[in-house]
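Please brief me on this protein chain. I am new to it and would like the main points by topic.

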Amino acid sequence: MIVYRELSSLSAALGYTPSALYRVSNRITAHYKTIRISKRSGGFRELQVPDRLLKSMQRQINDKLLCFEPVSPFATAYRPGACTRHNASPHVGKPLILKLDISRFFDHAFYPLVKERAFPSTRYSECNRVLLSLLCTLRDCLPQGAPTSPAISNLILYDFDMTVGAWCSKRSITYTRYCDDMTFSGDFQPGEVIELVKKELKKSGFFLNHGKTVVIRADRRQLVTGLVVNESLHVPRGYIRTLRQELYYCRRFGLHSHMERKQVTVPPESYARQLLGRVDYALSIEPNRQDLREMHQWLCDELRSMRKEPSV
């Protein structure tokens with residue numbers, strides 16, 4: 001494990017001069033802009049997006065420093081190869097599922113916690129810990145939109161994961177965490193798990209969002225990170241139905257005509273790639289579905305024909 005006691009060694013690892021690192025850290029708010037993106041549930045989510053210089057520094061911090069820190073086996077997001085399938089599959093066929101959500105996680109991931117968990121004193125000098133923490137926080141908390149925030153969120157919740165995971169394992173309860181969404185499955189009393197989670201979250205200054213607490217028994221459709229897990233892992237029927245209908249109209253009337261009918265304004269190739277991405281996602285969950293394979297093949301043929309069309 002590399003230890004960064006000198007600023008010069010940290011500077012060399014990140015590829016930026018000490019003066020550049022300090023200059024950005026001293027005017028951190030000037031290097032962010034706020035954007036709003038639509039939420040599926042309605043309304044908007046605000047993201048704080050760093051400019052090109054700060055984003056480059058943060059990516060170096062991610063690739064040269066954060067990626068070498070241990071991540072708990074219960075974290076299924078923000079790690080190599082992570083996906084919603086990995087979060088959902090352990091919960092297939094369970095009699096009961098409990099879903100919990102951390103209230104405003106990023107807003108409560110404060111500077112001292114980032115400094116302690118992401119940049120420990122065993123690896124960094126105090127000056128380097130302060131500098132790195134300033135480069136990865138905005139107004140004393142973890143900004144959504146910074147490339148370092150996902151990895152840091154896993155590091156902040158490492159001890160929580162290990163404590164809760166060990167408690168669950170002793171009771172044959174399956175536990176996974178996808179960002180700030182926690183899922184528990186098995187045969188257990190939900191209240192006991194909720195009390196444990198509340199107690200362990202409080203140790204780091206976090207709280208449950210009780211409005212998002214969900215208990216689902218096997219006699220109802222059990223969804224985990226958007227996937228059905230009742231008897232086998234598959235995408236919801238509504239997702240496939242909508243996709244099949246859209247592809248039907250594309251094939252019947254032609255891609256361009258369908259786009260005109262729907263008043264789609266993106267370029268045809270971009271629209272076809274969006275559809276292909278949705279099909280590929282469904283195929284990654286259910287790779288043996290023939291209807292999805294046919295959709296995939298048709299879209300690939302359409303994209304190939306677009307590339308062959310002469311430009312006007």
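This is a predicted model: local features need pLDDT of at least 70, side-chain atom pairs count only at pLDDT 80 or more; totals for chains, interfaces and linings use all residues.

Residues are numbered from 1 along each chain as its sequence is written, and side-chain values use heavy atoms, with hydrogens and water left out. The secondary structure of the chain comes to 14 helices and 8 strands. Helices (H or I, at least four residues) and strands (E, at least two) are DSSP runs, numbered from the N terminus.

**Overall build**

- Along the principal axes, the C-alpha atoms fill a box of roughly 65 × 60 × 35 Å.
- The chain has 312 residues, and 45% of them are buried. Buried means under 20% relative accessible area, exposed means over 50%, and partly exposed is in between (1.4 Å probe, protein chains only).
- Take the contacts between residues at least 6 apart in sequence: 68% of them join residues at least 24 apart. Contact means heavy atoms within 4.5 Å.

**Helix packing**

- Helix α6 (residues 111-118) packs against helix α8 (residues 149-156) at an angle of about 80 degrees, and their axes are 9 Å apart. Axes are lines fitted to C-alpha atoms, for helices over the stretch in contact, and angles run from 0 to 180 degrees between N-to-C directions.
- The pair α6 and α8 is therefore roughly perpendicular. Angles of 65 to 115 degrees get that name, those under 35 count as roughly parallel, those over 145 as roughly antiparallel, and the rest as oblique.
- L113, V114, R117 and A118 of α6 make the contact with I152, L155 and I156 of α8.
- The residues of this α6 and α8 contact are 6 nonpolar, no polar and 1 charged. Ala, Val, Leu, Ile, Met, Phe, Trp, Tyr, Cys and Pro count as nonpolar, Asp, Glu, Lys and Arg as charged, and the others, Gly among them, as polar.
- Helix α12 (residues 255-262) and helix α13 (residues 268-285) cross at roughly 90 degrees, and their axes come within 11 Å. α12 and α13 are therefore roughly perpendicular too.
- From α12, L255, H256, H258, M259 and K262 meet P268, Y271 and A272 of α13. That contact has 5 nonpolar, 2 polar and 1 charged residues.

**Pockets**

- The largest pocket has a volume of about 1700 Å³. On a 1 Å grid over the protein atoms alone, a cavity is a set of points where a 1.4 Å probe fits but cannot get out, while a pocket is an open set with protein on both sides within 12 Å along at least five of seven lines; lining residues have an atom within 4 Å of a point. Grid points are joined across faces, edges and corners, and a volume is the space filled by probe spheres set on the points.
- In the largest pocket, 47 residues form the lining, and R45, D101, D180, D181 and K212 lie nearest its centre.
- Strand β2 gives the most to this lining, with 5 residues. By class, the lining has 23 nonpolar, 12 polar and 12 charged residues.
- The second largest pocket has a volume of about 230 Å³. Its lining includes N62, D63, L66 and C67, as well as A151 and L155.
- Elements giving two or more residues to the lining of the second largest pocket are α3 (52-64) and α8. This lining divides into 7 nonpolar, 1 polar and 3 charged residues.

**Single residues**

- Q48 lies in strand β2 (residues 44-50). Q48 is buried, at 18% relative accessible area.
- Leaving aside neighbours within four places in sequence, the contacts of Q48 include Y32, K33, T34 and L138.
- Y4 sits in the segment before α1 (7-14). Y4 is buried, at 6% relative accessibility.
- C-alpha to C-alpha, Y4 and E302 are 52 Å apart in space, and 298 residues separate them in sequence.
- R139 is not a glycine, yet has a positive phi of about 50 degrees. R139 lies in the loop between α7 (126-136) and α8, and is exposed at 62% relative accessibility.
- S172 is not a glycine either, and has a positive phi of about 60 degrees. S172 lies in the loop between α9 (158-170) and β4 (174-178), and is exposed at 63% relative accessibility.
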